[in-house]
Amino acid sequence: MARGRSKSLVKQVASEVPAYTRNSDDNESTDSRSIHNPTLPKGQSHHVVNTSPERGRSKSFNVGVNVKEAVAQVMPTYPFTDDEKDQLWMKCLDTFNYNAVLDSHHIDNVNDYSDDLVLSFQTDCNMNVSHIESLMRENEFMISSLNDLRLRYDKVSRETSDFATQATELLLKQNELVAKAQQMEHVLKIFEPLERMSKKLVSSGNSIVRTGRINTMLVQLQECLEFLESHNNYKDSEVYIIRYRQCMTRGLTLVRNFLIENIKKKGDEAVSKIQNSNLKSLSWDIILYSEFASELSKEPEVSSFPTLIRQIVQQSSSHKEYQGLVIDVLSQYFNSRKQLVYRSIDQNKPLGDLEGLILHCQKTISWFKKALEKEYNLFIKYFPFELWDADLQLLFTAELSSFYKDLLEPLYDDVRNRVLREQNIGELCKLTNLLTAYFEFDDDTSVASTVIDAKIEYGELFEPMLSISQSRLIFRIQNYIDNKLTKYKPKAEDLRLGRRRSSGKQRGRDDSIFDEFEDNLFPEAYTPVGKALTILSNIYDLISSIVFDDMAHYIVHSCIGMLKNSALPLAKSHLGSSDAKLFYFKNLMILRTQLNNFDTQYVRNETSLDFTSGITELIKTLRSGELRVKVNEIGGLFELVRKSAPQVINNLIDANRETETELSNIVTEWVTETANTICGSLMDEKLSLKDALVTFNDAIIMQLPKIHSQVKAFVDENDIIKFLVDQVSKVIFSTYEQFYSGLEQKVMTNKIKPEDMSDVMEPDAFFNFLNDTISGIFQAEEDEHITLNDNILDELEESPDKLVDEKA
């Protein structure tokens with residue numbers, strides 16, 4: 001609801017207008033009455049007929065007035081009477097929700113005011129209305145003007161858009177024409193310089209290379225070739241590609257010839273300076289390396305050796321045919337350097353004719369390594385291949401490695417001659433160990449990879465020397481095994497093993513087996529066996545696993561043959577059968593232990609020819625009388641010759657299985673022989689039962705300690721000693737069980753009297769007796785190792801006092 005204003009005449013007039021009555025003053029004008037027409041009688045309120053729900057209003061005339069119910073009346077017809085007009089006006093006024101007609105009281109109040117104010121207000125209102133109407137006309141004019149302007153603007157916008165479209169098309173055409181013009185200019189630059197560059201390359205010679213202009217020309221040729229190869233739709237593009245490629249080849253050939261002449265010139269200057277054979281080592285280094293490097297630094301950058309060789313290398317990366325030019329330059333460089341280095345080797349390499357193999361090889365290898373490092377440092381200054389592509393690096397690395405091998409040919413020859421003259425296996429092992437420091441071994445290949453070096457891979461370079469050393473070492477070992485150890489004639493001194501070996505005297509040095517190999521890491525073993533195992537231990541890390549396993553099987557097989565054919569018969573003649581078997585057992589145990597330490601995986605395959613099988617087949621044929629039949633048959637003679645031919649036999653030598661078999665056999669033989677010695681009285685039929693049992697019991701009591709001492713003299717491990725004694729006891733108990741069963745059968749057949757069985761122990765009792773005897777032997781051995789505690793008596797004296805104190 002709007003807030004009222006104080007002293008507002010307009011509002012007061014609008015809200016409190018009095019109504020004219022019918023009985024008003026006659027002097028009142030008709031116009032003024034018509035304004036408030038229809039009028040209500042004075043004191044009578046205006047009656048409002050409203051169909052909506054009744055609600056209270058402030059200053060409403062119907063408050064306190066009796067409201068009559070509206071009665072439907074008939075709509076009057078024109079012309080209206082005064083009553084009908086009043087009635088119609090009443091109906092019209094009743095439709096408003098505010099008082100549109102003033103009562104007489106309010107009219108009187110209004111009439112009290114001067115009419116000038118009202119008329120002035122009316123005039124102002126009329127002026128405002130006219131002003132507003134003028135504003136409305138101006139607004140309508142402005143709106144029409146704006147509409148006109150908008151139409152014109154739309155027209156201009158359309159024209160501008162069309163103009164912009166046409167201008168854009170023209171700009172695009174202009175840019176396209178400009179691009180075509182530039183492209184034509186670029187294309188013309190591609191085709192125009194062909195004749196000019198062809199003439200320069202033909203007529204200029206080395207001057208164009210010496211001044212460095214060849215670099216710009218080669219770059220331009222490369223750009224022309226790349227453009228033509230990417231735009232092969234141009235007319236005669238193939239012809240131009242061929243001609244430009246010829247120019248490129250001609251330019252690179254000029255660079256190659258210039259570089260080769262440069263290398264030859266420097267090489268000839270160095271050769272002329274080293275004609276004097278009295279040069280010192282420092283002078284050689286200055287001429288061969290320092291002067292070459294200093295001359296390279298004096299060359300201009302555009303025509304320097306690395307810059308020019310880079311031009312050929314860059315082209316060879318995309319066109320393999322240019323690699324021949326690079327190889328030509330490298331070949332000339334390497335040939336020139338080899339000529340100089342070979343002279344330096346002849347003059348400065350270490351001479352060690354009187355030195356040993358290892359010392360001489362160490363000095364020589366060290367000298368050559370320094371020479372290779374100097375060559376590498378000089379090479380990367382001329383050919384900085386580490387900055388180029390990976391494929392080119394591989395090419396230069398391969399050529400450089402071949403160059404190194406050529407430089408090391410004198411070293412290869414020197415080491416080869418030294419190795420071939422060397423007879424000592426120990427020296428060959430040391431040399432092989434020295435060379436294997438540059439290698440890492442793998443299970444599948446002899447040389448799997450080289451030791452990583454920042455500059456040079458010495459492993460690949462020293463591989464020929466290593467192969468020579470390994471081959472010579474294996475040959476000398478086989479020769480040493482076959483001609484020295486296998487043919488060695490043992491002496492009684494070789495049988496003194498373990499506690500039996502004398503410590504005061506040693507063997508004389510006149511034995512041939514000490515000439516080639518002096519070391520013996522297994523003095524407790526048979527001398528040839530100990531030396532063979534020492535050789536295996538020394539070459540364990542020096543050769544590949546396949547070759548080592550083959551050598552291990554061969555050497556162990558040879559050791560078993562040496563023990564059986566030479567050492568065992570001598571041991572039987574000097575030590576007796578039982579000690580000889582223990583001597584053989586001791587050496588077999590050493591062989592098996594070392595084989596387990598070596599962890600061999602491969603089996604040796606030995607191929608041989610068997611001539612006896614064919615002869616045996618021929619003899620069988622002769623004896624059976626089938627010779628005539630076979631000869632008369634078609635193809636019978638050929639069949640007879642085929643069967644009589646020698647056969648190829650492939651034998652697989654497994655040293656592990658062979659050693660286990662020999663150990664099992666010798667243990668069985670020794671146990672059987674020892675048990676039969678103790679149980680001999682039980683088998684002797686000449687003795688009475690009582691004497692046989694007494695002799696048998698005495699043998700157990702007396703012989704078992706001797707057997708224990710006998711085994712202990714050869715074997716140091718307590719577990720093996722207990723195993724052997726236990727095996728002997730088992731055989732003894734088994735023999736006694738058989739003996740007791742035979743006595744029971746004799747009793748049943750009345751061959752002996754039952755009373756005679758009273759002195760015979762039952763098997764269970766004999767088992768306890770035998771077990772107690774063996775336990776006593778081992779217990780006595782343990783008691784020997786028990787040390788007396790000197791403070792035990794003092795502790796016993798103090799213990800009662802402690803007990804008394806504790807009780808107190």
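Ser 401 lies in helix H14 (residues 390-407); helices here are DSSP runs of H or I of at least four residues, numbered from the N terminus. The model is predicted, so local features need pLDDT of at least 70 and side-chain atom pairs count only at pLDDT 80 or more, while totals for chains, interfaces and linings use all residues. Residues are numbered from 1 along each chain as its sequence is written, and side-chain values use heavy atoms, with hydrogens and water left out.

Ser 401 is buried, at a relative accessible area of 13% (buried: under 20%, 1.4 Å probe, protein chains only). Beyond residues up to four places away in sequence, Ser 401 touches Glu 460 and Leu 461 (contact: heavy atoms within 4.5 Å).

The largest nonpolar core has 172 residues. Such a core is a set of buried Ala, Val, Leu, Ile, Met, Phe, Trp, Tyr and Cys residues joined through side-chain atoms within 4.5 Å. Phe 383 and Ile 732 touch the most other members. Helix H21 (residues 545-574) gives the largest share, 14 residues.

Three cavities of 30 Å³ or more are present. A cavity is a set of points, on a 1 Å grid over the protein atoms alone, where a 1.4 Å probe fits but cannot get out; lining residues have an atom within 4 Å of a point. Helices H9 (237-273) and H10 (281-298) each supply at least two residues of its lining. Lys 266, Glu 269 and Phe 292 are among the lining residues.

Methods. Buried means under 20% relative accessible area, exposed over 50%, partly exposed in between (1.4 Å probe, protein chains only). On a 1 Å grid over the protein atoms alone, a cavity is a set of points where a 1.4 Å probe fits but cannot get out, and a pocket is an open set with protein on both sides within 12 Å along at least five of seven lines; lining residues have an atom within 4 Å of a point. Grid points are joined across faces, edges and corners, and a volume is the space filled by probe spheres set on the points.
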